[in-house]
Amino acid sequence: MTGREHLRSIQYRRIEVLALEDAVLEIQTRLTRISPVLSDMPHATGNTDKMTDGISRLIELKDKLNRKIDESSYYELMVMEMISKLKDPIHRTILYRLYILCEPLQEVADKIHYTYNYTCTLHGYALNEIDNVEAEITS
């Protein structure tokens, strides 16, 4: 896997975590809507089955979410270490702000006081440098 692929993978992992968080929230919302109706009439126990199934699904999703968050955090730390091995501090700054802090490229350009076009050029150089760092690590 190249350095560029590692950087891209961070974004995919974040999207996956956000999707799981949304699923957990949706199930929690549905479970709070399921409430027993108090009545002296006999009725079936369908709600308790739904509640039990929902709770077990929620527990499974929360476990999966926690695993994904742990994996994503570990992966981010690994990529941050790769970024820290870059020789040029501007390249480190660009990659860190783009991929770790998820700032738009225009905002990164403003913060490092370069034009947008020149920042795009520097971003390309930084990607080449991180590919070289990854190649050194794996060899």
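A residue counts as exposed when its relative accessible area is over 50% and as buried when that area is under 20%, with the range in between termed partly exposed. In the predicted model described here, His113 falls into the exposed class because its relative accessible area is 70%. His113 is located in the loop that lies between H4 and H5, and its phi, near 65°, is positive although the residue is not a glycine. Most residues other than glycine have a negative phi. Cys102 belongs to the loop between H3 and H4, and with a relative accessible area of 43% it is partly exposed.

With regard to the overall architecture, the protein contains five helices and zero strands, so that the order of elements from the N terminus reads α-α-α-α-α. Of the 139 residues in the protein, 31% are buried. The accessible surface amounts to about 9300 Å², and carbon and sulfur atoms account for 56% of that area. When contacts between residues at least 6 apart in sequence are considered, 70% of them join residues at least 24 apart.

The packing of the helices was examined pair by pair. Helix H1, comprising residues 3–33, and helix H3, comprising residues 89–100, have axes that come within 10 Å and cross at roughly 20°. Since angles under 35 degrees count as roughly parallel, H1 and H3 are therefore assigned to that class. The crossing in which H1 passes H3 is right-handed. On the H1 side the contact involves Leu7, Ile10, Gln11 and Arg14, which meet Leu95, Tyr99 and Ile100 of H3. By class, this contact of H1 with H3 comprises five nonpolar residues, one polar residue and one charged residue.

H3 also packs against H5, here at an angle of about 95° and with the two axes 9 Å apart. Because angles from 65 to 115 degrees count as roughly perpendicular, H3 and H5 are described as roughly perpendicular to each other. H3 contributes Ile90, His91, Ile94, Leu95, Leu98 and Tyr99 to the contact, while H5 contributes Thr119, Leu122, His123, Tyr125, Ala126, Leu127, Glu129 and Ile130. Ten nonpolar, three polar and one charged residues make up this contact of H3 with H5.

The remaining pair considered consists of H4 and helix H5, the latter spanning residues 116–138, whose axes lie 9 Å apart at an angle of about 100°. H4 is therefore roughly perpendicular to H5. Leu105, Gln106, Val108, Ala109 and Ile112 of H4 meet Tyr116, Thr119 and Cys120 of H5, and the contact is formed by six nonpolar and two polar residues, with no charged residues.

Gln106 is part of helix H4, which covers residues 105–112, and its relative accessibility of 38% places it in the partly exposed class.

Terms used
Residues numbered from 1 in each chain as written. Predicted model: local features only at pLDDT ≥ 70, side-chain atom pairs only at ≥ 80, totals over all residues. Heavy atoms only, no water. Helix = DSSP H or I, 4+ residues; strand = E, 2+ residues; numbered from the N terminus. Buried < 20%, exposed > 50% of the residue type's maximum accessible area, 1.4 Å probe, protein only. Contact = heavy atoms within 4.5 Å. Areas by Shrake-Rupley, 256 points an atom, 1.4 Å probe, with all protein chains shown as cover. Axes fitted to C-alpha atoms, helices over the stretch in contact; angles between N-to-C directions. Parallel < 35°, antiparallel > 145°, perpendicular 65-115°, else oblique. Left-handed = near helix turned anticlockwise from the far one by under 90°. Nonpolar A, V, L, I, M, F, W, Y, C, P; charged D, E, K, R; others polar.
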